[in-house]
Amino acid sequence: MNGLVRVDTGLSRERCRRLRGFESLEQGNVGSICSAIRDEEVVHMLVIWSILAFLISSLCWIAGDALIVGFRKPDRREHGEFIELMGDDAYAFYTCIDEPRLRWGALVANYSIPLMLAGLYAHWVLLRGSAIGVAGVALLGIGFCLSPLAHATFYPLALASERAYIAYSAAGDGEEPDGVVLEHARRLYRFLVAAWFPAIGLTALGWILVCIALGSGTTAFPWWSLFLTPPFQALPWFALTRLPYPGKPLLDGALFNIVNLVWAIAFLLLMVSHPVT
């Protein structure tokens, strides 16, 4: 029994010295060693659950994007006059809507944002040794918190756009469509833009700082892991969504969350050879 304890203690000391920064351990200090290893194992387990939450949320957001913005680009030959009247083609996406589809598209993403925020824990553990990385995680958190409002605003915009199109279609030759209905849709679009750009901008800045931290080599992951992050994955996946695929164009508007999913899968795979504790 004593022999077994001595072997385990030796291995534990080495692990604790390497992974937790202990310079020396007293002979027989098994309790401290075991406590350190238990802490390490708990953190490792929490990191796995955290990144799985991030992965699940990414899937929910992909589904939400597919339901609420996964429509074909309006044909200007058919809707050109309406687009010119409204000042943007965003309204022409919703000339004939499926309200339940839009409702669930808004809600499935909105209700999954706590999982995405939980996914930040794994990123904090990975990047906590870098001030730039921690700042990036903080910006990601702010961007994620702002995103549900921007995403859900597509729902009222779609309802208002359909009403605006009905008003436009009902106006006879020489008649002006109901200006109140048209302006209501325009106001919602302006609100969408005001909500969308800060969310996307802060999230993008957060990811850029994460890339810098990964590239600096101060994390458990190799420096080249930065090429698996959303900023670097955005370009190839943008090109892929422009190619024909079954169900097109469902995923054409889900680029940001597709690359989040790619990163979540890469994070889990990297942890096999580069544990995050």
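**A surface patch, a pocket and a loop**

Met 45 counts as partly exposed, because its relative accessibility is 44%, and partly exposed is the class between buried, under 20%, and exposed, over 50%. The model in which this residue is seen is a predicted one. Met 45 is found in helix H2, which runs over residues 30-69, and this methionine also belongs to a nonpolar patch on the surface, where Val 42, Leu 46, Trp 49 and Leu 52 are the other members. Together, the five residues of the patch have about 470 Å² of accessible area.

From the surface we can turn to empty space. Rolling a probe the size of a water molecule over the atoms shows where such space is left. The largest pocket has a volume of about 1,300 Å³, and its lining is made of 46 residues, among which Val 69, Phe 154, Trp 196, Gly 253 and Phe 256 lie nearest the centre. Several helices each supply at least two residues of this lining, including H2, H7 (131-152), H8 (154-170) and H11 (255-273), while H9 gives the most, with 11 residues.

A last stop is the loop between H9 and H10, where Trp 224 has its place. Along the chain, Trp 224 and Leu 214 are 10 residues apart, and their C-alpha atoms are separated by 7.7 Å.

Terms used
Residues are numbered from 1 along each chain as its sequence is written. This is a predicted model: local features need pLDDT of at least 70, side-chain atom pairs count only at pLDDT 80 or more; totals for chains, interfaces and linings use all residues. Side-chain values use heavy atoms; hydrogens and water are left out. Patches are made of residues with over 30% relative accessible area and no salt bridge: like charges are joined within 9 Å, nonpolar side chains (Val, Leu, Ile, Met, Phe, Trp, Tyr) within 5 Å. Accessible areas come from the Shrake-Rupley method with a 1.4 Å probe; for residues, only the protein chains shown count as cover. A salt bridge is a side-chain nitrogen of Lys or Arg within 4 Å of a carboxyl oxygen of Asp or Glu. Helices (H or I, at least four residues) and strands (E, at least two) are DSSP runs, numbered from the N terminus. Buried means under 20% relative accessible area, exposed over 50%, partly exposed in between (1.4 Å probe, protein chains only). On a 1 Å grid over the protein atoms alone, a cavity is a set of points where a 1.4 Å probe fits but cannot get out, and a pocket is an open set with protein on both sides within 12 Å along at least five of seven lines; lining residues have an atom within 4 Å of a point. Grid points are joined across faces, edges and corners, and a volume is the space filled by probe spheres set on the points.
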